[in-house]
Amino acid sequence: MKQEDSRRRAKPFEISKRIIWEAWKRVAANKGAAGVDGESIEVYRKRLGRNLYSLWNRMSSGSYHPEPVRQVLIPKGDGQFRPLGIPTVNDRIAQMAVKLLVEPRLEPVFHPSSFGYRPDRDALMAVAQARQNSWRYDWVVDLDIKGFFDTIDHGLLMRAVEKHVSEAWIRLYVRRWLESPVELEDGQLQERSRGTPQGGVISPLLANLFLHYVFDTWMQRNYPSVRFERYADDVVCHCKSEREAQGLLARLRSRFEECGLQLHPLKTKIVYCKDQRRRGVYANVRYDFLGFSFHARTCQGRNGKLFAGFNPAVSHKALKRMNEAIRALRINRSTQLTLPMLAEMLNSKVRGWVAYFGKFYPGVLKRFLVRIDLRLGCWARNKYKRLRGHKRRSWAWLKKWREADPRLFAHWEFVFSAAKGHG
């Protein structure tokens with residue numbers, strides 16, 4: 001009996017070894033960069049049994065304390081940077097174990113119009129719903145929460161966690177993860193009293209839980225007839241009238257301020273979903289959501305007639321990022337490579353763009369991707385002496401390749417296949 005009591009004192013928390021093992025498998029599959037300790041997935045794997053047992057032992061005893069989160073600044077494309085926080089492999093496994101236990105009990109609670117970082121839901125589902133609602137409702141409130149992940153109130157978040165989590169060890173470690181300092185790029189440690197770092201395994205789930213109570217349930221209580229789409233902190237609301245939109249925005253500003261959040265004064269706006277049916281002149285007649293730009297576009301009806309429909313297509317910002325990614329490959333100077341080698345270098349990126357941005361009004365994406373051939377033509381003229389100074393000859397040479405092997409480049413099949421819609 002004494003031996004059993006001493007064991008309980010040494011291991012006050014009952015944590016399954018299996019859940020740690022399952023968490024490791026998920027973290028290993030996701031790969032990812034090393035944290036502040038510099039230990040990669042490959043290095044961690046070399047002493048896997050010892051590492052996992054040590055983590056389980058410390059978590060079970062209550063002596064587990066996370067390492068600081070390594071901050072990496074990711075360019076946003078507008079001259080600003082998005083801070084990502086990268087936990088160590090050990091901390092990612094611990095967070096994944098909690099996620100595996102907590103996520104199934106939160107899923108039935110979450111709102112059906114919350115799409116971000118949830119099983120069996122994705123951004124394209126949110127875009128599709130936004131398109132349908134923009135057809136039904138004339139007005140959109142486009143919300144931009146300023147520095148959301150960095151400003152989450154820990155006290156309010158822990159209240160939400162405690163509402164759904166009874167296990168003391170999960171509550172303890174969630175609080176420790178929230179309070180864990182950030183190691184900046186110059187090596188300095190920055191203490192945190194608010195926020196949860198983007199890049200953490202548990203952060204998206206905690207962020208969803210926070211906004212579930214700050215926004216989703218508040219909307220259900222106060223504006224049950226207003227449709228919305230939320231993907232993490234990207235939110236659009238659909239209103240019947242400009243007056244309803246203005247009233248909603250005013251109340252949302254107050255609601256977010258009550259919860260320690262602030263709507264961006266310039267990026268948050270009311271948008272009129274102007275199309276062929278909707279008249280009038282308004283300042284804002286377009287909005288961006290999840291990489292797509294929604295505004296009036298020329299469409300063809302079933303009767304063959306053209307009309308202006310309010311539709312999403314790849315946004316200018318997304319096209320700019322794609323263009324920068326292609327420029328960074330320096331295709332025209334890669335004369336040491338063959339055409340199939342260039343295709344291998346390009347195709348994984350292009351397939352991802354096609355799979356996502358090609359779903360809605362694909363013509364805009366097609367017009368962008370066909371410009372890859374301009375770079376390939378330049379590459380051909382640099383590589384082959386007989387083509388130098390002869391643009392037409394290089395286009396004819398490239399066309400022969402395309403006709404002989406239309407699937408060589410991912411954009412060839414998407415842009416030139418007759419089976420695809422024109423959009």
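The model is predicted, so local features need pLDDT of at least 70 and side-chain atom pairs count only at pLDDT 80 or more, while totals for chains, interfaces and linings use all residues. Residues are numbered from 1 along each chain as its sequence is written, and side-chain values use heavy atoms, leaving out hydrogens and water.

**Confidence.** pLDDT is the predictor's confidence in each residue, from 0 to 100. The protein chain averages 92, and 96% of the residues score at least 70. Residues 418–423 stay under 50. For this stretch the model has ten contacts beyond four places in sequence; a contact means heavy atoms within 4.5 Å.

**The sheet.** Helices (H or I, at least four residues) and strands (E, at least two) are DSSP runs, numbered from the N terminus. Two strands pair if DSSP finds at least two bridges between them. Three strands form an open, antiparallel sheet in the order E9-E10-E11. Strands E9 (287–289) and E11 (306–314) are the edges; each has a single partner strand, so one side of each lacks a neighbour in the sheet. E9 and E10 (residues 292–300) are joined by three bridges. In one of the pairings, Asp288 has Ser293 of E10 as its bridge partner.

**Cavities and a pocket.** Spaces are found on a 1 Å grid over the protein atoms alone. In a cavity, a 1.4 Å probe fits but cannot get out; a pocket is an open set with protein on both sides within 12 Å along at least five of seven lines. Lining residues have an atom within 4 Å of a point. Grid points are joined across faces, edges and corners, and a volume is the space filled by probe spheres set on the points. The whole structure holds three cavities of 30 Å³ or more.

| Space | Volume | Nonpolar | Polar | Charged |
|---|---|---|---|---|
| Second largest cavity | about 70 Å³ | twelve residues | one residue | no residues |

The largest cavity has 16 lining residues, with Val69, Gln95, Trp177, Arg192 and Pro197 nearest its centre. Helices H5 (89–106), H9 (168–179) and H10 each give two or more residues to this lining.

The second largest pocket is lined by residues including Leu156, Phe210 and Arg255. Helix H10 gives the largest share of that lining, six residues.

Notes:
Ala, Val, Leu, Ile, Met, Phe, Trp, Tyr, Cys and Pro count as nonpolar, Asp, Glu, Lys and Arg as charged, and the others, Gly among them, as polar.
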